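This briefing looks at pockets and aromatic contacts in one model. Please keep the sequence and the structure open while reading.

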Amino acid sequence: MPAVAQPCSEEVFVLKARIKFRKYGVMKFIGHLDVMRFFQKAMRRAEIPIAFTGGYSPHMIMSFANPLGVGLTSDGEYFDVELTEEIDMEEAVSRLNQVMVEGMEVVTMVPVSEDKKRTGMSIVAAADYVSTIQTGAFPEDWKERATGFLNQPEIMITKKTKKSEKEVDIKPLIYQFEIRGDGVFMQVATGSVENLKPEVVMQALCQYLGVDTERVSFSHHRLEVYADMGNREFVSLNKVW
């Protein structure tokens, strides 16, 4: 078993790794900062040799890719870490899961490029979601009618800022849209360049169906997060080395 990591300078690391985890159940109500603190404690308890920044207030070097909003669940969350020594990735996953709480599960841990431009945060381009009705109801024929949602020439929504409102066409940011069972599957732009939240798509769908958005609410589940290898060739983050 490796020794518990001690603070070190930012440059001292052996390799970078990307961790994929699930977030479900009551943990969906935990915000990003609390998730980050949780994993900092989990790293210590699992004795993962993670690198620290230098200076008077060292902290673990970890970078989350497009953190999930409060209230959403996910099968595909990611963060990058820098390690101070080589470790067995499968063993690390096992040790981390031994200290996880209900609602958190580490899925994979893989080595990734040391290129700072290829961090999970910087390469995220798209994500898959499934959205289902939580309260309220759609018209009985909503599935048949919803098939034409993405065939509209444009899908306009009102985007509000602190100072103004403007009409925005979100259709170019919706890459896939289909009915799956009693829910809606969508693949949308995600990341620092373009970012479309699933709740915004469902609000637009409500408008399309003539449903009062105040009478329905939805649950959103993220399936996967992708990098764009070029021309919308999307690859999940744990397969981008």
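The points below take up the pockets and then the aromatic rings.

The model is a predicted one. Its largest pocket has a volume of about 380 Å³, while the second largest pocket has a volume of about 200 Å³. The structure also holds 13 aromatic pairs.

**Largest pocket**

- Of the 15 residues that line the largest pocket, I157, K159, I170, L196 and V200 are the closest to its centre.
- At least two lining residues of the largest pocket come from each of β6 (156–160), β7 (165–169) and α5 (198–209), and the largest share, four residues, is supplied by β6.
- By residue class, the lining of the largest pocket divides into six nonpolar, four polar and five charged residues.

**Second largest pocket**

- The second largest pocket is lined by 14 residues, of which P67, G69, Y129, N195 and K197 are the closest to its centre.
- Seven nonpolar, four polar and three charged residues make up the lining of the second largest pocket.

**Aromatic rings**

- Among the 13 aromatic pairs is the tilted one formed by F138 and F218, with 5.8 Å centre to centre and 55 degrees between the planes.
- This pair links distant parts of the chain, 80 residues apart, with F138 in the loop between β5 (124–135) and α4 (142–146) and F218 in strand β10 (residues 217–228).
- F138 counts as buried because its relative accessible area is 11%, under the 20% cut-off, and F218 is likewise buried, at 16% relative accessibility.
- One aromatic cluster is formed by F21, F38, F39, F64 and F79.
- R180 lies over the face of F185, at 3.7 Å from the ring centre.

How values were computed
Residues are numbered from 1 along each chain as its sequence is written. This is a predicted model: local features need pLDDT of at least 70, side-chain atom pairs count only at pLDDT 80 or more; totals for chains, interfaces and linings use all residues. Side-chain values use heavy atoms; hydrogens and water are left out. On a 1 Å grid over the protein atoms alone, a cavity is a set of points where a 1.4 Å probe fits but cannot get out, and a pocket is an open set with protein on both sides within 12 Å along at least five of seven lines; lining residues have an atom within 4 Å of a point. Grid points are joined across faces, edges and corners, and a volume is the space filled by probe spheres set on the points. Ala, Val, Leu, Ile, Met, Phe, Trp, Tyr, Cys and Pro count as nonpolar, Asp, Glu, Lys and Arg as charged, and the others, Gly among them, as polar. Rings of Phe, Tyr and Trp (its six-membered ring) pair if their centres lie within 6.5 Å; planes under 30 degrees apart count as stacked, over 60 as edge-to-face and the rest as tilted. Buried means under 20% relative accessible area, exposed over 50%, partly exposed in between (1.4 Å probe, protein chains only). A charge sits over a ring if NZ of Lys or CZ of Arg is within 6 Å of the ring centre and within 35 degrees of the ring normal.
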